[in-house]
Amino acid sequence: MKRYHDIVGDGGSGILEQVAEQRARITDGLAGVRHLVAVGSGKGGVGKSTLTLHLAGALRARGLRIAILDADFNGPSQARMAGVQGALFVPGSHKVSLPRTTNGIAVFSMGSVIPESEALEFESAAQGESHTWRATREFALLGEILGSFEWGALDLLMFDLPPGAERTVQYADFLGPQTSFLLVTIPSEVARGVVARSVAALSKAPNRLLGYVENMSGYYCRDCDAIKPLFASPPFDAAHPSASPGMGIPCLGTVPFDPELAQYCDRGFPLAELPDTPVGRALDHVAQQLLESLT
Ligand SMILES: Nc1ncnc2c1ncn2[C@@H]1O[C@H](COP(=O)(O)OP(=O)(O)OP(=O)(O)O)[C@@H](O)[C@H]1O
Ligand SMILES: [Mg+2]
């Protein structure tokens, strides 16, 4: 039996050439993209997917060319939220063309391919070993998606990341230093603690940390047309947005919880259909801050 030390180079698998070839296809496919922005958190359920889609919507309304890559392969939400469930992937002029939302945002989401009643399986040769392959397979798949779809000329490609502080760093590593990060938290000490840990972990990477957004910063009550507190934690100090203790990166804004927005996410309606509301204005403000942080 060959031992590890007996294997010379790549063992004749040609894996190094395959990786180099995939990297070249990714670089070629992303050549027309001005900015790569990953929306992460470390913490789950804080609104990464919601903010990715609706910030994209706010930027699209300003005329920017935007695409979203839903990198959460196991819990994809963009297909439903963006209204591209069951969308067909058809051949483009060169690679595979991406489905678009009604307001023109190109979206790749596993949720367009796999129905919600099915799990994404990463098969493994040996039973009980799938965990050893999972991350490798996930990133190989991400590379395939980046290399196989027509991203075209874009102002912004946004990555909707899965939760997990350690995974956030793995995405930074895979996507490379040209990808900037926007983090999302909610006003609970639990969430802020987890996100602060992600900030600490990402600080060791060469990627730019653009800042964070505080989502669910109060909830919008339609009956009284006012923002009411949602968490007991001290409210965000708008006069000192970058002074939030523990985070150490700029705050790009706060977004209230709006039950109507949650409904829009479930039904796949774009933000543009929400009339002038506090949540719409807040998202627009964050979109502006995001643009400024990128220039
Ligand atoms: N500001 C908001 N107003 C109303 N609903 C919101 C808001 N932010 C998020 N939600 C809702 O909260 C739920 C969780 O949000 P979302 O799926 O975006 O979180 P996530 O951080 O992407 O979760 P995961 O870690 O599982 O990927 C969704 O149903 C979404 O519609
Ligand atoms: Mg999500």
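**Reading helix packing and a ligand shell**

Helix H1 (residues 15-29) packs against H4 at an angle of about 45 degrees, and their axes are 7 Å apart. Keep in mind that this is a predicted model.

Q: How do I read a pair of packed helices, and what is the case for H1 and H4?
A: Two packed helices are described by the angle between their axes and the distance between the axes. For H1 and H4, those values are about 45 degrees and 7 Å. That angle makes H1 oblique to H4.

Q: Is the crossing of H1 and H4 left-handed or right-handed?
A: H1 and H4 make a left-handed crossing.

Q: H4 also meets H5; at what angle do their axes cross?
A: The axes of helix H4 (residues 130-148) and helix H5 (residues 165-175) cross at roughly 45 degrees and come within 12 Å. So H4 is oblique to H5. As for handedness, H4 passes H5 in a right-handed crossing.

Q: And how do H5 and H6 pack?
A: Here the angle is about 30 degrees, with the axes of H5 and helix H6 (residues 189-203) 9 Å apart. Angles under 35 degrees count as roughly parallel, and therefore H5 and H6 are roughly parallel to each other. H5 passes H6 in a right-handed crossing.

Q: Let's move to the ligand. How many residues surround ligand 1, and which are the closest?
A: Start by listing the shell. Ligand 1 is surrounded by 19 residues, and the closest are Gly45, Lys48, Ser49, Thr50 and Asn215.

Q: What about aspartate 258: which of its atoms lies 3.0 Å from ligand 1?
A: Check the backbone this time. A backbone N or O atom of aspartate 258 lies 3.0 Å from a nitrogen atom of ligand 1.

Q: How much of the accessible area of ligand 1 does the protein cover?
A: Begin with the ligand on its own, which has 630 Å² of accessible area; the protein covers 81% of that.

Notes
Residues numbered from 1 in each chain as written. Chains lettered and ligands numbered in written order. Predicted model: local features only at pLDDT ≥ 70, side-chain atom pairs only at ≥ 80, totals over all residues. Heavy atoms only, no water. Near = heavy atom within 4 Å. Polar contact = N/O pair within 3.5 Å; in protein donor to acceptor, adjacent residues only side chain to side chain. Areas by Shrake-Rupley, 256 points an atom, 1.4 Å probe, with all protein chains shown as cover. Axes fitted to C-alpha atoms, helices over the stretch in contact; angles between N-to-C directions. Helix = DSSP H or I, 4+ residues; strand = E, 2+ residues; numbered from the N terminus. Parallel < 35°, antiparallel > 145°, perpendicular 65-115°, else oblique. Left-handed = near helix turned anticlockwise from the far one by under 90°.
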